[in-house]
Protein chains: 4
Amino acid sequence: MDFAIGCSLAYTVNSPAALVFNLEAATLPRQVVRSESLTTHPPIEPERYTAPETGNRFARFVVNRGSFRLDYRADVTLDPLIQDPAAVGEFQAQDLPMTTLPHLYASRYCQSDKLSRFATRQFGNEPSGYQRVTAICNWIYGNVDYISGTTDAMTSAFDTVTQRSGVCRDFAHLGIALCRAMGIPARYVSAYAWRLVPPDFHAVFEAYLAGPAGGAWYLFDPTRMTGVDGLVRIGIGRDAADVAFCSIFGDVVSGPPQVWIDGPDSSALVTTAAVSLQAPE
Amino acid sequence: MDFAIGCSLAYTVNSPAALVFNLEAATLPRQVVRSESLTTHPPIEPERYTAPETGNRFARFVVNRGSFRLDYRADVTLDPLIQDPAAVGEFQAQDLPMTTLPHLYASRYCQSDKLSRFATRQFGNEPSGYQRVTAICNWIYGNVDYISGTTDAMTSAFDTVTQRSGVCRDFAHLGIALCRAMGIPARYVSAYAWRLVPPDFHAVFEAYLAGPAGGAWYLFDPTRMTGVDGLVRIGIGRDAADVAFCSIFGDVVSGPPQVWIDGPDSSALVTTAAVSLQAPE
Amino acid sequence: MDFAIGCSLAYTVNSPAALVFNLEAATLPRQVVRSESLTTHPPIEPERYTAPETGNRFARFVVNRGSFRLDYRADVTLDPLIQDPAAVGEFQAQDLPMTTLPHLYASRYCQSDKLSRFATRQFGNEPSGYQRVTAICNWIYGNVDYISGTTDAMTSAFDTVTQRSGVCRDFAHLGIALCRAMGIPARYVSAYAWRLVPPDFHAVFEAYLAGPAGGAWYLFDPTRMTGVDGLVRIGIGRDAADVAFCSIFGDVVSGPPQVWIDGPDSSALVTTAAVSLQAPE
Amino acid sequence: MDFAIGCSLAYTVNSPAALVFNLEAATLPRQVVRSESLTTHPPIEPERYTAPETGNRFARFVVNRGSFRLDYRADVTLDPLIQDPAAVGEFQAQDLPMTTLPHLYASRYCQSDKLSRFATRQFGNEPSGYQRVTAICNWIYGNVDYISGTTDAMTSAFDTVTQRSGVCRDFAHLGIALCRAMGIPARYVSAYAWRLVPPDFHAVFEAYLAGPAGGAWYLFDPTRMTGVDGLVRIGIGRDAADVAFCSIFGDVVSGPPQVWIDGPDSSALVTTAAVSLQAPE
């Protein structure tokens with residue numbers, strides 16, 4: 001499926017500052033960036049860096065006082081791996097690839113260490129694998145209200161499991177924390193999300209599971225606001241701390257971001273398949 | 001029912017100190033202290049104070065360096081009000097006695113303000129009154145593990161609802177917080193508890209409900225370790241901060257407390273009746 | 001000194017609701033309410049209650065759907081006790097009146113139990129009494145930024161000591177927590193505050209100290225936004241949970257409160273005297 | 001300098017389990033492992049993995065029910081870079097290598113986002129670079145008590161900055177959080193520590209600073225229990241979550257670890273030099 005994505009971000013820079021963006025589409029086995037452009041006003045040449053272990057793409061701009069605007073647009077083709085959820089199981093700790101172990105550790109917003117007793121009680125008797133992660137997502141969807149403005153940049157999964165409200169970022173953090181507490185590696189995904197209303201940067205998560213052709217990272221969206229077949233990935237990380245779309249160093253005021261994504265008209269939401277953007281490892 | 005209660009507490013006092021005890025049985029309409037003695041070694045005359053609004057009894061001892069031991073024993077008769085739970089309902093906010101409103105407020109260990117969304121979702125559709133508080137107790141019993149040593153003096157209901165383990169104090173705090181979050185006044189009760197194994201100071205809670213003869217504070221023990229008809233009350237408060245059995249001011253080391261209670265042999269645990277130690281107000 | 005105070009509060013009531021107000025001036029030995037009026041539109045007769053131990057005045061209105069407005073105005077004379085700070089000392093735990101002990105306990109927003117090590121290190125070597133509490137206020141003023149919007153109804157002293165920003169409520173909570181951690185009873189005070197800009201309900205705190213004529217509760221305002229000689233008291237409590245100016249039970253939307261206070265023109269801020277509204281006890 | 005290090009760890013395995021160890025000395029430009037052995041009883045062949053971005057060495061053992069013991073010993077030569085602290089400055093955000101940016105993010109135990117206001121106030125006026133990090137370490141040493149048993153595996157920098165007690169792990173977390181809050185990349189280091197009494201695994205931290213020959217990670221130990229020239233590194237990470245010396249998956253009971261390190265007799269503690277185990281980048 002082909003998508004056209006983009007965003008336009010405006011800033012007022014009150015003193016010389018550095019801005020680090022992570023909003024370009026990643027290049028993955030099943031996500032091809034056919035063309036793209038990143039421009040700024042005033043035009044500034046960024047320093048670029050792609051993290052080897054994640055593929056996250058960073059661009060750092062050193063900006064002088066005044067207005068600063070960044071425009072990004074790209075054409076991306078997704079060919080997600082779509083599998084039968086019933087065929088996607090779970091690894092024992094002894095069989096997990098060593099590279100996935102760090103995604104079992106607690107992180108800033110996903111304090112899985114504090115949620116182990118709750119997770120075990122609530123999800124310990126669910127069928128393992130894709131079904132267990134789906135049970136986690138269903139629980140979040142059924143027990144947490146999606147309400148803008150009830151949480152902020154300091155809200156973590158430990159807060160959300162009790163306070164029961166939040167936005168996509170909070171839903172993803174709670175999903176990640178509960179997966180890790182159950183021994184399932186999980187990581188945060190920032191994305192352009194097809195059919196998200198209103199359009200915005202979106203956050204979902206991936207769990208590492210045992211597919212029919214081997215282990216892979218499968219996408220989950222506990223907000224149910226999008227289909228996981230229409231997520232153009234930006235970055236991955238342990239939690240939101242790793243994949244801010246813009247990190248600001250200096251006295252800078254942000255305007256509201258404009259984000260968009262266009263895709264094929266006719267497709268229905270895929271909600272019943274296991275979806276991954278990676279070839280099995 | 002007649003009970004003989006008591007405790008023996010030993011301290012090593014490393015510098016002149018003040019110790020404030022709150023461990024004597026309260027005098028209530030349905031709890032009569034027939035006889036009692038409070039002695040110390042070395043013998044010291046305490047300053048005594050009974051708080052007018054709670055009936056909590058305090059005794060303050062100014063103690064010199066050395067060993068200090070306190071022995072308390074009392075004979076107490078309980079005549080609890082026992083009612084049909086089905087006849088005990090709930091007040092609307094507009095009908096609650098104004099004196100009970102402070103027991104709706106959040107306190108140190110019972111952050112009801114943080115639990116309102118969870119409480120409403122989980123218990124909002126339960127039948128109101130005694131049944132709703134019972135549903136809260138059942139949920140605690142079913143979802144929190146009673147394990148000594150997993151919590152400490154800083155653990156609050158906000159922790160317990162997530163971490164899912166604790167002791168009687170934590171169970172009571174969570175019950176109180178959830179009641180308050182549902183608009184039901186609730187308070188903490190410290191007690192000598194008949195048939196508690198091993199014997200120790202116990203913590204339960206009371207909820208203010210609408211009984212057939214008027215409003216009253218009804219006892220609940222979400223640990224299910226005792227029957228609420230065999231609780232000899234010491235003190236009441238917003239949470240454990242109000243009713244420590246000993247507050248120490250100075251460099252003092254405590255030995256393990258010895259606590260006991262003897263009651264009639266034959267009685268079964270009352271677990272299906274609504275029990276109150278107060279005449280309806 | 002004579003003051004004219006008042007407020008006007010407007011609500012949109014979406015379903016029948018109960019509103020409990022605590023915004024009328026208290027009657028104290030050194031605070032005389034010469035005249036006052038409390039009216040509402042539509043006119044409703046409230047249920048009234050004055051708490052015996054605090055003197056806090058509550059008025060409960062049962063309100064139907066629609067608009068609801070409350071207007072309060074009063075003429076109040078303050079005759080505060082003004083003493084030399086150097087003559088105001090501190091009690092040992094053994095000498096504190098038993099009635100003040102509950103104001104040593106940790107409460108929802110003043111977790112003194114978590115701050116004892118910090119308080120002892122930071123303020124343990126200060127001169128005791130009024131000077132130590134002044135040192136606490138100075139530390140708060142010097143280390144916490146007064147910034148509206150950085151905190152909310154869930155923010156507590158434990159947050160503020162680390163995050164270092166807040167409003168009058170947060171400043172008071174931190175002052176209370178640090179006093180209690182040092183063994184000084186402290187409580188929250190809501191007030192109409194002369195010369196507060198912009199006019200609003202204000203929050204300060206009182207510490208129980210040993211004045212030249214006996215123990216008394218002395219006023220402190222760590223925000224330095226007012227003089228403590230121009231505070232018309234509304235209520236006292238362990239923290240803000242006890243003295244909300246309006247507790248709402250039901251689906252009600254609040255408008256912005258209008259609050260005012262007029263006093264004598266010429267007076268300078270009293271910032272160097274120990275001030276109490278109570279006769280020594 | 002030459003060191004002989006080692007440890008012996010014993011476990012009771014109650015059901016088949018996986019144990020992942022990260023306790024072998026790392027290989028670094030200035031840390032050479034001359035010889036080493038890792039043996040177990042019963043003998044089991046581990047799966048091995050060295051993380052490319054950190055050099056952390058993991059060994060995973062699948063263990064059956066029964067006793068399990070692991071013995072590690074190694075001969076290691078350290079040739080630390082020792083520089084004049086006055087020559088070690090600080091990077092502006094625009095000049096930091098992109099690879100170091102993730103070490104500015106908040107992590108599970110180092111919530112730098114919550115500490116920025118405190119850090120700026122306390123350390124904003126210190127001379128930049130090595131001196132600023134030293135000021136942070138001095139503040140920690142002067143304001144936090146080293147007391148075993150006052151913290152646990154859930155304690156974070158946000159707790160420690162308020163509660164003011166902890167062990168090496170807590171000291172390191174606080175140092176990291178404060179550095180990140182000041183814009184200085186910082187990471188956690190687990191190590192065998194020469195002259196640590198009693199011998200145990202130790203935790204310190206590194207800050208990324210601008211040395212005379214380029215950027216490098218410099219070692220800091222805010223506990224002052226060791227000299228940073230005698231730290232044989234095991235692993236690095238964002239915080240303790242990344243470098244547990246043993247991660248247990250299954251029902252396993254640990255015995256107390258035995259840890260040792262022998263080094264040259266005569267050397268004095270290096271406390272006044274800037275020390276790094278890496279060549280400047």
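Chain D can be laid on chain A by a turn of 180 degrees and a shift of 0.0 Å along the axis, with an RMSD of 0.0 Å; copies are superposed by least squares on the C-alpha atoms of residues with pLDDT of at least 70 in both. That is the relation of a two-fold axis. In chain D, the C-alpha of D:R108 is the one nearest the axis, 1.8 Å from it. The two copies meet through the same surface, because 100% of the interface residues of chain D are also interface residues in chain A.

This is a predicted model, in which local features need pLDDT of at least 70 and side-chain atom pairs count only at pLDDT 80 or more, while totals for chains, interfaces and linings use all residues. Residues are numbered from 1 along each chain as its sequence is written, chains are lettered from A and ligands numbered from 1 in the order in which they are written, and side-chain values use heavy atoms, with hydrogens and water left out.

**Helix α1 in chains A and D**

- Helices (H or I, at least four residues) and strands (E, at least two) are DSSP runs, numbered from the N terminus.
- In chain D, helix α1 (residues 116-123) has D:F118, D:A119 and D:F123 as its buried residues; buried means under 20% relative accessible area, exposed over 50%, and partly exposed in between (1.4 Å probe, protein chains only).
- Seen down the axis of α1(D), these buried residues fall within an arc of 95 degrees, so they line one face of the helix; the arc is that of the directions from the helix axis to the C-beta atoms.
- An α-helix has 3.6 residues a turn, so residues three or four places apart point the same way.
- The cover over the buried residues of α1(D) includes α3 (157-163) of chain C, along with α2, α3 (157-163) and α4 (168-181) of chain D; contact means heavy atoms within 4.5 Å.
- In chain A, the residues A:F118, A:A119 and A:F123 of helix α1 (residues 116-123) are buried.
- Down the axis of α1(A), the buried residues fall within an arc of 95 degrees, so they line one face of that helix.
- Among the elements covering the buried residues of α1(A) are α2 (130-143), α3 (157-163) and α4 (168-181) of chain A, and also α3 (157-163) of chain B.

**A buried arginine in chain D**

- D:R132 belongs to helix α2 (residues 130-143) of chain D and is buried, with a relative accessible area of 9%.
- Leaving aside neighbours within four places in sequence, D:R132 is in contact with D:E90, D:F123, D:G124, D:E126, D:P127, D:M182 and D:I184.

**Strands and sheets**

- Strands of a sheet pair through backbone hydrogen bonds, either parallel or antiparallel.
- In chain B, four strands form an open sheet in the order β4-β5-β2-β14, with antiparallel pairing; two strands pair if DSSP finds at least two bridges between them.
- At the edges of this sheet stand β4 (47-50) and β14 (246-249) of chain B, each with a single partner strand, so one side of each is left without a neighbour in the sheet.
- Strand β2 (residues 17-21) and strand β5 (residues 57-63) of chain B pair in the antiparallel sense over five bridges, and B:F21 has B:A59 in β5(B) as its bridge partner.
- In chain D, strand β1 (residues 2-13) and strand β6 (residues 66-78) pair in the antiparallel sense over twelve bridges; the bridge partner of D:C7 in β6(D) is D:Y72.
- Strand β3 (residues 31-41) of chain D also pairs with β6(D) in the antiparallel sense, over ten bridges, and D:S35 stands opposite D:D75 in β6(D).

**Aromatic pairs**

- Rings of Phe, Tyr and Trp (its six-membered ring) pair if their centres lie within 6.5 Å; planes under 30 degrees apart count as stacked, over 60 as edge-to-face and the rest as tilted.
- By this rule, the count over all chains comes to 66 aromatic pairs.
- One of them joins A:F21 and A:F61 edge-to-face, 5.8 Å centre to centre and with 75 degrees between the planes.
- A:F21 lies in strand β2 (residues 17-21) and A:F61 in strand β5 (residues 57-63) of chain A, so the pair ties together parts that are 40 residues apart in sequence.
- Both A:F21 and A:F61 are buried, and ring pairs link A:Y11, A:F21, A:F61 and A:F68 into a cluster.
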